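Work through the exercises below with the model open beside you. Try each task before reading its solution.

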Amino acid sequence: MKFATLKDGNRDGKLVLVSRDLRRCAPIDGVPTLQYALDNWSVLQGKLADIAVLLESDDAFGDAFDQKRTHSPLPRAYQWADGSAYVNHVELVRKARGAEIPESFWTDPLMYQGGSDSFLAPTDPIVLGDEGWGIDMEGEVAVITGDVPMGVTPKEARKFIRLLMLVNDVSLRGLIPGELAKGFGFFQSKPSSAFSPVAVTPDELGDAWDGGKVHLPLNVDLNGKLFGRANAGIDMTFDFGQLVAHAAKTRPLCAGSIVGSGTVSNKQDGEPGKPVADGGAGYSCIAEIRMIETIRDGKPATPFMRFGDRVKIDMCDANGQSIFGAIDQTVQKFSG
């Protein structure tokens with residue numbers, strides 16, 4: 001099943017089921033929001049599945065689906081915990097700050113608790129006050145959970161994954177070092193994130209979902225040019241079962257909790273990675289290519305995003321069909 005939340009003037013929007021080809025959608029009587037569906041998942045599954053079957057079998061059923069009318073699937077959430085499952089990414093961005101990675105980073109995932117009260121819609125602009133803050137996109141995959149008990153094992157945690165979606169976890173690289181130097185984590189350096197127009201049940205991914213990882217390339221374009229095609233199933237040190245279990249080690253997670261993968265990042269031939277133009281998988285954020293340029297040339301050449309720049313993040317199935325719809329955002333200056 002595929003779900004989207006349409007803008008309807010209410011803060012939490014209106015839930016619809018979406019056809020696999022993302023062309024049509026239908027509301028669900030008595031199920032106003034995605035959070036409501038997640039809170040009542042076991043009771044509603046049959047009803048939701050029946051509507052999804054109708055969308056696929058009857059071309060006259062439902063209405064046209066317009067991705068530009070969508071919120072993020074959960075316009076706000078009880079929990080947004082972002083991991084860093086791709087240690088290649090962690091290693092590169094820490095080198096950019098002159099910091100080495102401890103050995104524990106290979107056995108215990110990093111995770112921060114992000115702001116979940118004001119997610120951006122997938123085609124809304126990224127509005128920020130200063131280009132000097134080092135505006136960067138971070139292309140990621142995320143899961144939405146049901147109610148997860150405290151202390152679950154990674155294997156047990158997998159069964160609580162209800163939905164998957166894509167993320168643009170916007171980062172302000174110029175603000176991160178000062179915040180982390182205080183020893184109290186991200187806040188100002190992590191503005192509102194955006195999620196894909198559609199969230200999907202794991203079965204929609206077919207063989208590309210192995211229960212913990214999505215084995216498909218994440219397509220990141222910057223200003224209309226190929227920037228990243230890193231495969232989300234490769235070089236993922238910690239799968240989603242491990243990430244969810246990590247988040248639930250000392251507390252339960254309520255239905256509707258979002259857990260992110262961190263920036264999708266691939267090595268190539270044992271090296272940190274190469275641009276798409278050079279035959280590599282490219283990058284899902286700008287910080288990585290800047291670090292590689294620094295290693296190679298002594299200084300970075302690729303600028304962070306500027307006002308007017310556009311980022312597009314998508315993922316397609318084996319037939320080239322978009323699975324989640326595209327995050328498609330332009331950076332704009334905050335005018336007060």
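**Exercise 1. The cavity**

Task: list the residues that line the largest cavity, then sort them by class.

Solution. Step 1: the lining consists of Ser84, Val87, Val90, Phe105, Asp108, Pro109, Leu110 and Phe238. Lining residues have an atom within 4 Å of a grid point; on a 1 Å grid over the protein atoms alone, a cavity is a set of points where a 1.4 Å probe fits but cannot get out.

Step 1: the lining divides into 6 nonpolar, 1 polar and 1 charged residue. Ala, Val, Leu, Ile, Met, Phe, Trp, Tyr, Cys and Pro count as nonpolar, Asp, Glu, Lys and Arg as charged, and the others, Gly among them, as polar.

Step 2: the space in this cavity is about 30 Å³. A volume is the space filled by probe spheres set on the points, which are joined across faces, edges and corners. A search of the whole structure returns 1 cavity of 30 Å³ or more.

Ground rules for what follows: this is a predicted model, where local features need pLDDT of at least 70, side-chain atom pairs count only at pLDDT 80 or more, and totals for chains, interfaces and linings use all residues. Numbering runs from 1 along each chain as its sequence is written, and side-chain values use heavy atoms, with hydrogens and water left out.

**Exercise 2. The second largest pocket**

Task: describe the lining of the second largest pocket and find which element supplies the largest share.

Solution. Step 1: a pocket is an open set of points with protein on both sides within 12 Å along at least five of seven lines. This one holds about 310 Å³ of space.

Step 1: 16 residues line the pocket, and Leu222, Lys225, Leu226, Phe227 and Thr302 lie nearest its centre. By class, 11 are nonpolar, 2 polar and 3 charged.

Step 2: β15 (225-228) and α7 (286-297) each give at least two lining residues. The largest share, 3 residues, is from β15. Helices (H or I, at least four residues) and strands (E, at least two) are DSSP runs, numbered from the N terminus.

**Exercise 3. Salt bridges**

Task: which parts of the chain does the Arg20 and Glu204 pair tie together?

Solution. Step 1: a salt bridge is a side-chain nitrogen of Lys or Arg within 4 Å of a carboxyl oxygen of Asp or Glu. The whole structure has 13.

Step 1: in the bridge between Arg20 and Glu204, the closest N and O atoms are 2.9 Å apart. Arg20 lies in the loop between β2 (14-18) and β3 (24-27), and Glu204 in the loop between β13 (199-200) and β14 (219-222), so the pair ties together parts 184 residues apart in sequence. Arg20 is partly exposed at 45%; Glu204 is buried at 17%.

Step 2: now take Glu138 and Arg173, bridged at 3.3 Å between the closest N and O atoms. Glu138 is buried at 5%, and Arg173 is buried at 14%. Bridges that share partners join Asp136, Glu138, Asp169, Arg173 and Lys190 into one network.

**Exercise 4. Helix α6**

Task: is helix α6 largely enclosed or open?

Solution. Step 1: 6 of the 8 residues of α6 (residues 240-247) are buried, so the helix is largely enclosed by the rest of the structure. The buried ones are Phe240, Gly241, Leu243, Val244, Ala245 and Ala247.

Step 1: the cover includes β5 (80-83), β6 (111-113), β9, α4 (154-157), β10 (161-168) and β16.

Step 2: Asp239 caps the N-terminal end of α6, with a side-chain oxygen 2.9 Å from the backbone nitrogen of Gly241.

Definitions and conventions
Buried means under 20% relative accessible area, exposed over 50%, partly exposed in between (1.4 Å probe, protein chains only). Contact means heavy atoms within 4.5 Å. A polar contact is a pair of N or O atoms within 3.5 Å; within protein, one must be able to donate a hydrogen and the other to accept it, and residues adjacent in sequence count only if both atoms are side-chain atoms.
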